Amino acid sequence: MKLIGAMLILLTTTWFGFEAARMLQERPRQLRQLKAALKVLEAEIMYAHTPLSEAALHISKQISPPLSKLFEQFAAKLQKGETSVQQAWEESLQTVWSSTALKQGELDIMRQFGETLGQYDLLTQQKQIALALVHLEREEADALERQSRYEKMAKSLGVLTGLLLVILLI
């Protein structure tokens with residue numbers, strides 16, 4: 001019975017360690033997706049002159065979840081026409097953000113971007129997208145540094161914590 005309990009403790013703490021490492025891997029990937037989505041949005045708005053709701057729908061089909069849900073919900077809210085662009089963006093962010101691996105810094109950047117979305121002429125909107133991309137680049141560099149620094153440690157810590165608990169309990 002003790003052996004089964006010890007194995008469960010070890011498996012659980014190992015799983016927590018690997019889950020923490022997965023989140024460290026997901027953040028840079030999701031940041032790259034977000035940057036790509038903003039670049040597509042820029043192209044759709046600037047060159048194809050696509051309405052914002054259609055552009056968001058196109059983007060949602062090009063990227064993987066959970067970020068695809070952000071643009072999908074944003075497009076749906078815009079198509080209903082019951083809210084402003086800024087409010088639709090904010091509501092979409094609030095709904096989806098908890099399912100991403102992204103941090104508060106990225107949320108602040110996306111909120112700031114949403115405040116300017118659809119309010120300016122094309123040239124100013126392009127500058128706002130470029131500004132958001134610069135900020136996301138900085139966050140991606142930070143995420144990659146954290147991943148390289150802490151990913152192995154999180155995995156090892158999960159296993160070692162489990163072993164310590166097993167030793168203390170036996």
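Predicted model: local features only at pLDDT ≥ 70, side-chain atom pairs only at ≥ 80, totals over all residues.
Buried means under 20% relative accessible area, exposed means over 50%, and partly exposed is in between, using a 1.4 Å probe and protein chains only. Residues are numbered from 1 along each chain as its sequence is written, and side-chain values use heavy atoms, with hydrogens and water left out. Helices here are DSSP runs (H or I, at least four residues), numbered from the N terminus.

- Serine 68 sits in helix 3.
- Setting aside residues up to four places away in sequence, serine 68 touches Ser60 and Ile63, where contact means heavy atoms within 4.5 Å.
- Serine 53 belongs to helix 2 (residues 52-62) and is buried too, with a relative accessible area of 16%.
- Again leaving out residues up to four places away, serine 53 touches Ala75, Leu78 and Gln79.

**Aromatic pairs**

- The structure holds 4 aromatic pairs. Rings of Phe, Tyr and Trp (its six-membered ring) pair if their centres lie within 6.5 Å; planes under 30 degrees apart count as stacked, over 60 as edge-to-face and the rest as tilted.
- One of them joins phenylalanine 74 and tryptophan 89 edge-to-face, at 5.0 Å centre to centre and 85° between the planes.
- That pair links distant parts of the chain: phenylalanine 74 is in helix 3 (residues 67-80) and tryptophan 89 is in helix 4 (residues 85-96), 15 residues apart.
- Phenylalanine 74 and tryptophan 89 are both buried.
- Ring pairs tie Phe71, Phe74, Trp89 and Phe113 into a cluster.

**Helix 5 on its own**

- Helix 5 has 13 residues and reaches 19 Å from its first C-alpha to its last, close to the 18 Å expected at 1.5 Å a residue. The expected span is 1.5 Å times one less than the number of residues.
- Its buried residues are Glu106, Leu107, Ile109, Met110, Phe113, Gly114 and Thr116.
- The cover over those buried residues includes helix 1 (2-46), helix 4 and helix 6.
- Leucine 107 is found in helix 5 and counts as buried at 8% relative accessibility.
- Neighbours within four places in sequence aside, leucine 107 is in contact with Leu93 and Trp97.
- Leucine 107 and lysine 69 are 38 residues apart in sequence and 15 Å apart in space, C-alpha to C-alpha.
- After helix 5 comes glycine 118, with a positive phi near 75°.

**How the helices pack**

- Two packed helices are described by the angle between their axes and the distance between the axes.
- For helix 5 (residues 104-116) and helix 6, the axes come within 10 Å and cross at roughly 180°. Axes are lines fitted to C-alpha atoms, for helices over the stretch in contact, and angles run from 0 to 180 degrees between N-to-C directions.
- That crossing makes helix 5 roughly antiparallel to helix 6. Angles under 35 degrees count as roughly parallel, over 145 as roughly antiparallel, 65 to 115 as roughly perpendicular and the rest as oblique.
- Sorted by class, the residues in the contact of helix 5 with helix 6 are 6 nonpolar, 5 polar and 3 charged. Ala, Val, Leu, Ile, Met, Phe, Trp, Tyr, Cys and Pro count as nonpolar, Asp, Glu, Lys and Arg as charged, and the others, Gly among them, as polar.
- On the helix 5 side, the residues that meet helix 6 include Ile109, Met110 and Phe113; on the helix 6 side, Ile129, Ala132 and Leu136 are among them.
- The axes of helix 1 and helix 6 come within 8 Å and cross at roughly 175°, so these two helices are roughly antiparallel to each other.
- The contact of helix 1 with helix 6 has 27 nonpolar, 9 polar and 12 charged residues.

**Loops and an exposed spot**

- Histidine 49, in the loop between helix 1 and helix 2, has a positive phi of about 55° although it is not a glycine.
- Histidine 49 counts as exposed, at 55% relative accessibility.
- The peptide bond from proline 65 to proline 66 is cis, with omega near 5°, and proline 66 is in the loop between helix 2 and helix 3.
- Valine 134, in helix 6 (residues 122-169), is exposed, with a relative accessible area of 54%.
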